[in-house]
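Here is a walk through one protein model, taken piece by piece. Have the structure open while you read.

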Amino acid sequence: MRKGLAGVALAVLTVTSAFGQVSGDVVKLGVLNDQSGVYADLAGPGSVVAAKMAVEDFGGKVLGKPIEVIFADHQNKPDVATPIVNQWIDVDNVDAIVDVPTSSVALAVQEITKNKNRIHLNSTAGTSDLTGKACSPTGIHWTYDTYALANSTGKALTKDGGDTWYFIVADYAFGHALEKDTSAAVESAGGKVLGAVNAPFPNQDFSSFLLQAQSSGAKVIGLANAGGDMINAIKQAHEFGITDAGQRLAGLLVFISDINSLGLETTKGLVLTTGFYWDRNDETRAWSKRFAERNEGRMPTMVQAGVYSAVAHYLKAIAAAGTDEAKAVMAKMREIPVNDFFAKNGRVRADGRMVHDMYLVQVKTPAESKYPWDYYKILRVVPGDEAYRPMDQGNCPLVAK
């Protein structure tokens, strides 16, 4: 009898080992982003498509259990996002929160997921505080951050003669982080910051802010905003003839969806930094064309491609860990290199930063563009270790000094 019970126990252990430990018998991902506002175009429904593609390409199951993707609109407001995340974790048993644009929302989500031991795969928020003072043992910042953008674009333009800057800043965590990081990059390259003005977020009319920037006499007007705000600012700057008068615009966070909305005539010559370009090689083109077929013909932004990459890596880590328990999965995500169409030999550091190459690009002229979405010339591949802030400079409490 005892031998029989032992045999049953062994069988149970074998089955458990084969299929692993999955809470609630389902791995559930919650894509939380802006579905209808200023960031819907660059993330929004497209990020949901990317997450679902990653799940489908993985086979729809992990450790023998189904994978489910749900989504919600946080309207770029922490007080809207917070109850959604608590509901997802406490009631719906969501294992990982994905995407999460808007830095103020992302910081709130980071705190909740840290306290409730759930994973936060952030692709779209900008603030480098996510891997700095607000770092989390269960949070990963995947696609870019304000430091990498500032370090690449700020230094490149300053060294190219744009040695005086004035900033128009989206008045919330992301804008202020981008201004701070870019100012440091400009000054380290020998440039000087002449001033800055805060603009409400979101905002339709940038005329008074542009006039202040124009009157500063700065060679470069840095736009520390994104999405619809950045588009409105560039359109109005074009109407005022600011660039024709000799000042340069620096879009510090520009997505390919923004270029598509503004057109090449308005954006030609703009230098920017991105974590992904769909037309970089055969592998990026193949995935991007599959994505576009499901996204109304629109090519992916860097953050949508990053959502796919982050979800795919997360699922690999669950399979390797044999469980969906957050800290065990995080350990595997740090251990396994990131190798896919998005990143080669990327790695997740102890502070949660996924380090990978970035790309300094210039927007083509209409004459240079040969086919739809043919928008960028890659000026330089910026190695990840050069683009991202060294781990010991971020003040992440998880990192030993």
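## Helix 13 and what sits under it

The buried residues of helix 13 pack against strand 5 (119-122), strand 6 (139-141), helix 12 (302-321) and strand 12 (347-348); packing here goes by contact, meaning heavy atoms within 4.5 Å. Those buried residues are A326, V329, M330 and M333, in a helix that spans residues 326-335. They cover an arc of only 105° around the axis, which puts them on the same side of helix 13. Buried means under 20% relative accessible area, exposed means over 50%, and partly exposed is in between, using a 1.4 Å probe and protein chains only. The arc is taken from the directions that lead from the helix axis to the C-beta atoms.

At the start of helix 13, E325 has a side-chain oxygen within 3.2 Å of the backbone nitrogen of K327. Before going further, some ground rules: this is a predicted model, where local features need pLDDT of at least 70 and side-chain atom pairs count only at pLDDT 80 or more, while totals for chains, interfaces and linings use all residues. Residues are numbered from 1 along each chain as its sequence is written, and side-chain values use heavy atoms, with hydrogens and water left out. Helices (H or I, at least four residues) and strands (E, at least two) are DSSP runs, numbered from the N terminus.

Strand 5, one of the elements under helix 13, belongs to an open sheet of six strands with the order 2-3-1-4-5-6 and mixed pairing. The edges are strand 2 (61-62) and strand 6, each of which pairs on one side only. Two strands count as paired if DSSP finds at least two bridges between them. Strand 4 (residues 96-99) runs parallel to strand 5, and four bridges join them; A96 stands opposite I119 there. Strand 5 is also parallel to strand 6, this time with three bridges, and H120 has G139 as its bridge partner.

Which way do the side chains of strand 5 point? I119 and L121 go one way, H120 and N122 go the other, and all are buried. In a regular strand, side chains alternate between the two faces of the sheet.

Strand 4, helix 4 (residues 103-115) and strand 5 form a right-handed β-α-β unit. Right-handed means that, with the strands pointing away from the viewer, the path from the first strand over the helix to the second runs clockwise. Helix 4 lies across strand 1 (27-33), strand 4, strand 5 and strand 6, at about 155° to strand 5. Axes are lines fitted to C-alpha atoms, for helices over the stretch in contact, and angles run from 0 to 180 degrees between N-to-C directions.

For a closer look at helix 4, pick I112. Is I112 buried or exposed? I112 is buried, with a relative accessible area of 12%. Leaving aside residues up to four places away in sequence, I112 touches T82, V85, N86 and I89. I112 and T82 are 30 residues apart in sequence, with their C-alpha atoms 8.0 Å apart in space.

Five bridges join strand 7 (residues 164-170) to strand 9 (residues 220-224), and Y166 is partnered with I221 in strand 9.

The buried residues of helix 7 are F209, L210 and A213. Seen down the axis of helix 7, they fall within an arc of 100°, so they line one face of the helix. They pack against strand 7, strand 8, strand 9 and helix 8 (227-240). Just after helix 7, G217 takes a positive phi of about 80°.

## An antiparallel pair

Finally, strand 11 and strand 14 (residues 358-363) pair in the antiparallel sense over four bridges. Here T273 stands opposite L360 in strand 14. In strand 11 (residues 271-274), V271 and T273 point one way, L272 and T274 the other, and all are buried.

Definitions and conventions:
Polar contact = N/O pair within 3.5 Å; in protein donor to acceptor, adjacent residues only side chain to side chain.
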